[in-house]
Amino acid sequence: GGGPPKNSNAEGYVASTPGMNAPGGLALAGYTNCHMQPVPFNFDCLGMEAYETVQRLVGALFVNDVPELKKGGKLHAVLNICAARLIGSLVDLVADVGYNHPIVQKIISAAQEAK
């Protein structure tokens with residue numbers, strides 16, 4: 001037949017590439033900024049002087065016996081991202097489950113322990 005050959009992977013590529021399909025989906029879902037660039041939560045805004053405090057906080061939040069997640073491990077950043085997400089979502093978490101929920105109380109006690 002005439003014309004260029006079809007790329008059998010094109011549809012799968014578009015469907016699996018968030019940069020190509022997310023803006024339309026976000027717009028349909030009612031988001032006003034459908035070109036936002038999501039980034040993982042982090043503690044960077046606190047500066048390097050808070051590094052040791054953040055590490056104490058992470059240590060108080062999680063029981064960690066996975067070598068890759070420990071300081072110096074390849075996946076240690078995942079632990080920091082999870083901790084930042086928990087702290088960043090605390091107000092919403094309290095609104096959803098209440099101040100006395102065990103997870104809320106764990107976050108608060110970890111923060112107090114980390115000082």
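## A pocket and a helix pair

The lining of the largest pocket is made up of 8 nonpolar, 4 polar and 1 charged residues (Ala, Val, Leu, Ile, Met, Phe, Trp, Tyr, Cys and Pro count as nonpolar, Asp, Glu, Lys and Arg as charged, and the others, Gly among them, as polar). This is a predicted model, where local features need pLDDT of at least 70 and side-chain atom pairs count only at pLDDT 80 or more, while totals for chains, interfaces and linings use all residues. Residues are numbered from 1 along each chain as its sequence is written, and side-chain values use heavy atoms, leaving out hydrogens and water.

Let's stay with the pocket. Of its 13 lining residues, Phe-43, Asp-44, Met-48, Tyr-51 and Val-54 lie nearest the centre. Helices α3 (51–61) and α4 (76–88) each supply at least two residues of this lining, and α3 gives the most, with 3 residues.

Now for the helix pair. Here are the two partners and their contact residues (heavy atoms within 4.5 Å):

| Helix | Residues | Contact residues |
|---|---|---|
| α5 | 90–97 | Leu-90, Leu-93, Val-94 and Val-97 |
| α6 | 102–114 | Ile-103, Val-104 and Ile-107 |

By class, this contact of α5 with α6 has 7 nonpolar, no polar and no charged residues. How do the two helices pack? The angle between α5 and α6 is about 150 degrees, and their axes are 9 Å apart. The two helices are therefore roughly antiparallel to each other (angles over 145 degrees count as such).

Definitions and conventions: On a 1 Å grid over the protein atoms alone, a cavity is a set of points where a 1.4 Å probe fits but cannot get out, and a pocket is an open set with protein on both sides within 12 Å along at least five of seven lines; lining residues have an atom within 4 Å of a point. Helices (H or I, at least four residues) and strands (E, at least two) are DSSP runs, numbered from the N terminus. Axes are lines fitted to C-alpha atoms, for helices over the stretch in contact, and angles run from 0 to 180 degrees between N-to-C directions. Angles under 35 degrees count as roughly parallel, over 145 as roughly antiparallel, 65 to 115 as roughly perpendicular and the rest as oblique.
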